[in-house]
Amino acid sequence: MTTVAAYAAPAAKAPLERTTIERRPVGEHDVLIEIKFAGICHSDIHQAREGWGEAIFPMVPGHEIAGIVTEVGPGVTKFAAGDRVGVGCMVDSCRECENCEAGLEQYCTRGNVGTYNAIGKDGEPTYGGYSTHIVVDEAFTVRIPEGLALDEAAPLLCAGITTYSPLKHWNAGPGKKVAVVGMGGLGHMGVKIAHALGAEVTVLSQSLRKKDDGLKLGADHYYATSDPNTFKELRGSFDLILSTVSAPLDLDTFLSLLKTDGAFVNVGAPEEPVSLNLFSVIGGRKTLAGSGIGGIQETQEMLDFCAEHGFGAEIELISAGEINEAYERVLNSDVRYRFVIDVATI
Ligand SMILES: [Zn+2]
Ligand SMILES: [Zn+2]
């Protein structure tokens, strides 16, 4: 075991504070990663405050991890010391169910092992990226291409793959009209990726406050959902709507914006159940769907895609001492567009 520095929430809703945690010895197929940057995802806050149910404390959040390999186990074949790597939302899965076989480890029928707030196969709690080092099986480690800066790459490990996977699955591309609901950490990546895939992109945001950014990042159109005219004007417009918000939406109204056979896909999750009039999907043979992160292979594909197109996330780099303040700002949608912790300051 190795003792490393970390930022942890000692209990639900308690502020995060500096502490130390134990990392397991580097096993046969493990890589030891010196973490350089860790993104702050909205779900870190949901979990640290038990918004999604009972959680494990102390909790070291962080599942947008970018760093450098410093040591590898004897059985490691994909990585060597010095490699630039990333770790996302999961660090293990059963590896033998039909979903794992299909590269859909995120939907492992026995449940994947979360990067934090989970119990690993060794029976110990997992701790995430707000720490100086992590030990991860190489099978759940991905390569960060040279063209991507590590700090701007970190948020791709959750926000990037969470939007890339459904955009690919529902065929966002040339000739397709795609709307992205929400212009936050996930939404801004949805805009960049949908644009790079060749789709015509519309942002549906509460206000026009971030319109200039949205257009700069690749949106063709930008509408405020607080304006009722938006819903009249855009009725029946979209092949695909990607909702990245965790606030509850009026689903019936949003579904009216789809074309026949269009799909409304949720990657954000409100803490409470939502209601729906099923006629909203019956008329127009529409799909209401969800999507969760992406598999390991697809995460690698997404990183390569972003590097090829020359973009990472838009970030605000902070020191570890600013984490609690950053949480409040995320809750107030006051970040453009992802906080990334400079782990050297832990
Ligand atoms: Zn996340
Ligand atoms: Zn599985």
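Within what distance do the axes of α4 and α10 come, and at roughly what angle do they cross?

Modeller: The axes of α4 and α10 come within 10 Å and cross at roughly 95 degrees. That makes α4 roughly perpendicular to α10 (65 to 115 degrees; under 35 is roughly parallel, over 145 roughly antiparallel, and the rest oblique). Axes here are lines fitted to C-alpha atoms, for helices over the stretch in contact, with angles from 0 to 180 degrees between N-to-C directions. The helices (H or I, at least four residues) and strands (E, at least two) are DSSP runs, numbered from the N terminus.

A bit of background before we go on. This is a predicted model, where local features need pLDDT of at least 70 and side-chain atom pairs count only at pLDDT 80 or more, while totals for chains, interfaces and linings use all residues. Residues are numbered from 1 along each chain as its sequence is written, chains are lettered from A and ligands numbered from 1 in the order in which they are written, and side-chain values use heavy atoms, leaving out hydrogens and water.

Back to that crossing. On the α4 side you'll find G160, I161, Y164, S165 and K168, and they meet E298, T299, E301, M302 and F305 of α10; contact means heavy atoms within 4.5 Å. By class, that contact has four nonpolar, three polar and three charged residues. Ala, Val, Leu, Ile, Met, Phe, Trp, Tyr, Cys and Pro count as nonpolar, Asp, Glu, Lys and Arg as charged, and the others, Gly among them, as polar.

Now look at α5 (residues 185–196), which packs with α4 (residues 159–169) at about 50 degrees, the axes being 8 Å apart. The two are therefore oblique to each other. From α4, the contact is made by A159, G160, T162, T163, Y164 and L167, and from α5 by G185, L186, M189, G190, I193 and A194. Sorted by class, these residues are seven nonpolar, five polar and no charged.

How hidden is α4 itself? Nine of its 11 residues are buried, so α4 is largely enclosed by the rest of the structure. Buried means under 20% relative accessible area, exposed over 50%, and partly exposed in between, using a 1.4 Å probe and protein chains only. Those buried in α4 are A159, G160, I161, T162, T163, Y164, S165, P166 and L167. Their cover includes α5 and α10, along with the strands β10 (177–181), β13 (238–243), β14 (258–266) and β17 (338–342).

One residue in the loop between β15 (287–290) and α10 (296–309) is worth a glance: S291. It counts as buried, at 14% relative accessibility. Not counting residues up to four places away in sequence, S291 touches S165 and P166, as well as Y107, W170, V265, N266 and V267.

Finally, the two ends of α4. After the helix comes N171, whose phi is positive, near 60 degrees. In the loop between α3 (150–153) and α4 sits C158. The SG of C158 coordinates the zinc ion (ligand 1), together with C41 (SG) and H63 (NE2), at 2.0 to 2.2 Å. Donors are N, O and S atoms within 2.8 Å of the metal (3.2 Å for Na, K and Ca), and water is not among the atoms, so sites may look incomplete. C41 lies in the loop between β3 (30–39) and α1 (42–48), 117 residues from C158, and the pair links distant parts of the chain. Both C41 and C158 are buried.
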